[in-house]
Amino acid sequence: MPKLPADGSVGPIQLSICVSKRPTTGTYAPHLHIKAFHENVKTIAVEFRPDETVEMRVPIGFNNGAMMDFIADSGEEIYKSLHDTLDSDYEAVPDLPNYNSRIPFLGEYVPIISLKDNKEPEGFRDGAVFLQPGLSGHEIKKAVLRLFGDMAYDILKPRVDHFSELMKMQYNGLKIDDGRRTWGSFNADTQIIFLTRRLLMMSANCIDSLIVHELAHTKAFSHDASFFDEIHKIMPDYDAVDSAFGDAAIRLFEEGWI
């Protein structure tokens, strides 16, 4: 059973935090979802959960400031270890097939067109994705995720701003990450929303449902009745869209994208 820290604050510590100093506009920033429990221990123990959460056992009295110092020293190493662990989970997934040369983008599957001139940029345009010729399945996935990282902020930020105004909910910033199983999160302390670049594989309705979900956390952090009341005010069909989101996530996982 988690214990209260000695300073009287309520545990566990929960936060989402960047572990890279790279800018987030136009690219994506690695970050960690952390849940730390206070226990009668002298050293910090780190475990990775199936949902990508980094779970920690920390000494009684270990507070947010101590956590920030710890992440400043060890965050990038923990992030690398997390993704090494995730990669090992995918060993049973075969090389990404070509899906008849189609890529999931905004809820549709668009064709791959091989560039004929290496001076042309890779990218999504004219209802297709243009990539270098001769790529393997994993190279295609890597190239597509790189493009998603470059595009995600500019695509998602206007939607977040739209719903922020509509819901009359304020947030302090949007950061894009590479969450595979964690599509989005909200940091209650910094009021920053994190969304994964892989969200660009989802339909517009599914994207909007996740954005509304994270914005609702600005008024209700827990997933209680008041939280879902805030969501249903703006998206009455949220339950159906959320179910479709789950179905799409399963399909993308089975296809090897996440």
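This is a predicted model: local features need pLDDT of at least 70, side-chain atom pairs count only at pLDDT 80 or more; totals for chains, interfaces and linings use all residues.
Local features need pLDDT of at least 70 and side-chain atom pairs count only at pLDDT 80 or more, while totals for chains, interfaces and linings use all residues. Residues are numbered from 1 along each chain as its sequence is written, and side-chain values use heavy atoms, without hydrogens and water.

**Helix pair.** Let's start with helices H2 (residues 137–167) and H3 (residues 204–216), whose axes come within 10 Å and cross at roughly 50°. Helices here are DSSP runs of H or I with at least four residues, and strands are E runs of at least two. Axes are lines fitted to C-alpha atoms over the stretch in contact, with angles from 0 to 180 degrees between N-to-C directions. Contact (heavy atoms within 4.5 Å) brings Leu156, Arg159, Val160, Phe163, Ser164 and Met167 in H2 to Ile207, Asp208, Ile211, Val212, Leu215 and Ala216 in H3. These residues divide into nine nonpolar, one polar and two charged.

**Pocket and cavity.** On a 1 Å grid over the protein atoms alone, a cavity is where a 1.4 Å probe fits but cannot get out; a pocket is an open set with protein on both sides within 12 Å along at least five of seven lines, and lining residues have an atom within 4 Å of a point.

| Space | Volume |
|---|---|
| Largest pocket | about 860 Å³ |
| Largest cavity | about 80 Å³ |

Nearest the centre of the largest pocket lie His33, Gly184, Ser185, Phe186 and His223, out of 32 lining residues. The lining of the largest cavity includes His33 too, along with Glu52, Tyr79 and Asp177.

Conventions
Ala, Val, Leu, Ile, Met, Phe, Trp, Tyr, Cys and Pro count as nonpolar, Asp, Glu, Lys and Arg as charged, and the others, Gly among them, as polar. Grid points are joined across faces, edges and corners, and a volume is the space filled by probe spheres set on the points.
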